[in-house]
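These are my notebook entries on one protein model.

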Amino acid sequence: MTDDKDVLRDVWFGRIPTCFTLYQDEITEREAEPYYLLLPRVSYLTLVTDKVKKHFEKVMRQEDISEILFEYEGTPLKWHYPIGLLFDLLASSSALPWNITVHFKSFPEKDLLHCPSKDVIEAHFMSCVKEADALKHKSQVINEMQKKDHKQLWMGLQNDRFDQFWAINQKLMEYPAEENGFRYIPFRIYQTTTEWPFIRQLFRPVATDGQLHTLGDLLKEVCPSAVAPEDGEKKNQVMIHGIEPVLETALQWLREHLSHPDNFLHIRIIPQPAD
């Protein structure tokens, strides 16, 4: 039987085979060969693509090199979204490897935030962790941690060190046994069919009668269109970390095992792929 640590480890080490190619209009001094990489689902593009940037900079004219950006089939990829979420939203029904195009010019100011350094990624990541703990523990756990604990969380993610990260993150997953779960579940629901970036609202993991809320309960409350009626055809696919959990799964269990390192449960909903 798989134990909790095995589930966490499997989630952490999930990888997406990816092929990076340089945009055809970029001016180069010689032909740019594609670059292949196994991208960690739980990390961020601008955190794990230094080798990609260096690979393409070798064939670029120095004066043409500016801030790097990535796109998939014409859609700029948001660096502040976890890699696995980007793939699930945009390319989950596509054949592997994931084909990402690299640009060094024409930054889409209206579509993307600038990311001049890894300090910006760290600030975004820690802001998410703090927001999540405010929902779970009224910020008590994160505020009781020392600065070195915050740094260990970040360095564990940045350096892909599972044990280093979880030695600290485990504290953010704890709750009093008598409460059966967190105050509220930190979650974000993403849909490709709406203009809003994501849905979030307060939702408790335990009902007033003491029963654990399920993923289906959450969706019926905040995104009812995602759930098929009992006698109706399934029209949507609900995915977390590239898998489709059954709607009867307890939210608290999902929260403890399938959250991203930012401590949010990122739920993606897209129309059911055609057979």
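**Entry 1: helix 10**

I began with the buried residues of helix 10, which are Leu-251, Gln-252, Leu-254, Arg-255, His-257 and Leu-258. Helix 10 spans residues 251-258 and is mostly covered, with six of its eight residues buried. I noted the cut-offs: buried means under 20% relative accessible area, exposed means over 50%, and partly exposed lies in between, with a 1.4 Å probe and protein chains only. Helices (H or I, at least four residues) and strands (E, at least two) are DSSP runs, numbered from the N terminus.

The model is predicted: local features need pLDDT of at least 70, side-chain atom pairs count only at pLDDT 80 or more, and totals for chains, interfaces and linings use all residues. Residues are numbered from 1 along each chain as its sequence is written, and side-chain values use heavy atoms, with hydrogens and water left out.

Against what do the buried residues of helix 10 pack? I found helix 1 (4-12), helix 5, helix 9 (215-222) and strand 8 (265-271). Contact here means heavy atoms within 4.5 Å.

**Entry 2: the cores**

I next looked up Leu-265. Leaving aside its neighbours within four places in sequence, Leu-265 is in contact with Pro-186, Phe-187, Arg-188, Ile-240, Leu-251, Leu-254, Arg-255, Leu-258 and Ser-259.

Leu-265 is also listed in the largest nonpolar core, which has 44 residues. Those with the most contacts inside this core are Phe-125, Leu-157, Phe-187, Ile-189, Leu-265 and Ile-267. Helix 8 (residues 162-172) supplies the largest share of this core, five residues. A second, separate core of 26 residues includes Leu-39, Val-59, Leu-86 and Ile-100. A nonpolar core is a set of buried Ala, Val, Leu, Ile, Met, Phe, Trp, Tyr and Cys residues joined through side-chain atoms within 4.5 Å.

**Entry 3: an annotated span**

I consulted the UniProt record, an unreviewed entry, which places the feature "domain: Autophagy protein ATG5 alpha-helical bundle region" at residues 119-174. In the model, the span of residues 119-174 is 84% helix and 0% strand, and its end C-alpha atoms lie 28 Å apart. I kept in mind that UniProt positions are given in the numbering used here, feature names are shortened, and annotations may be inferred rather than shown by experiment.

**Entry 4: the second largest pocket**

I recorded a volume of about 240 Å³ for the second largest pocket. How many residues line this pocket? The lining has 13 residues, of which Thr-46, Asp-50, Lys-53, Ile-68 and Cys-115 lie nearest the centre. Helix 3 (50-57) and helix 5 (118-137) are the elements that give two or more residues to the lining, and helix 3 gives the most, with three. By class, I found four nonpolar, four polar and five charged residues in the lining.

**Entry 5: from helix 4 to strand 5**

I turned to the loop between helix 4 and strand 5 (98-103), where Pro-97 lies. The peptide bond from Leu-96 to Pro-97 is cis, with omega near 5°.

Are Ala-91 and Ala-95 buried or exposed? Both names belong to this loop, Ala-91 and Ala-95. Ala-91 is buried, with a relative accessible area of 1%, whereas Ala-95 is exposed, with 66%. Leaving aside its neighbours within four places in sequence, Ala-91 is in contact with Tyr-72, Leu-86 and Trp-98. Ala-95 and Trp-166 are 71 residues apart in sequence, and I noted 32 Å between their C-alpha atoms.

I then looked up His-80, in the loop between strand 4 (75-76) and helix 4 (83-90). His-80 counts as buried because its relative accessibility is 18%. Beyond its neighbours within four places in sequence, His-80 is in contact with Tyr-44, Leu-113 and His-124.

Most residues other than glycine have a negative phi, and most peptide bonds are trans. I therefore wrote down two entries on phi. Phi of Asp-160 is near 55°, a positive value, and Asp-160 is found in the loop between helix 7 (147-158) and helix 8. Phi of His-241 is likewise near 55°, and His-241 is found in the loop between strand 7 (236-239) and helix 10. Asp-160 is partly exposed, with a relative accessible area of 30%, whereas His-241 is buried, with 11%.

Technical notes
1 Å grid on protein atoms, 1.4 Å probe; cavity = no way out; pocket = protein on both sides within 12 Å on 5 of 7 lines; lining within 4 Å. Points joined across faces, edges and corners; volume = space filled by probe spheres on them. Nonpolar A, V, L, I, M, F, W, Y, C, P; charged D, E, K, R; others polar.
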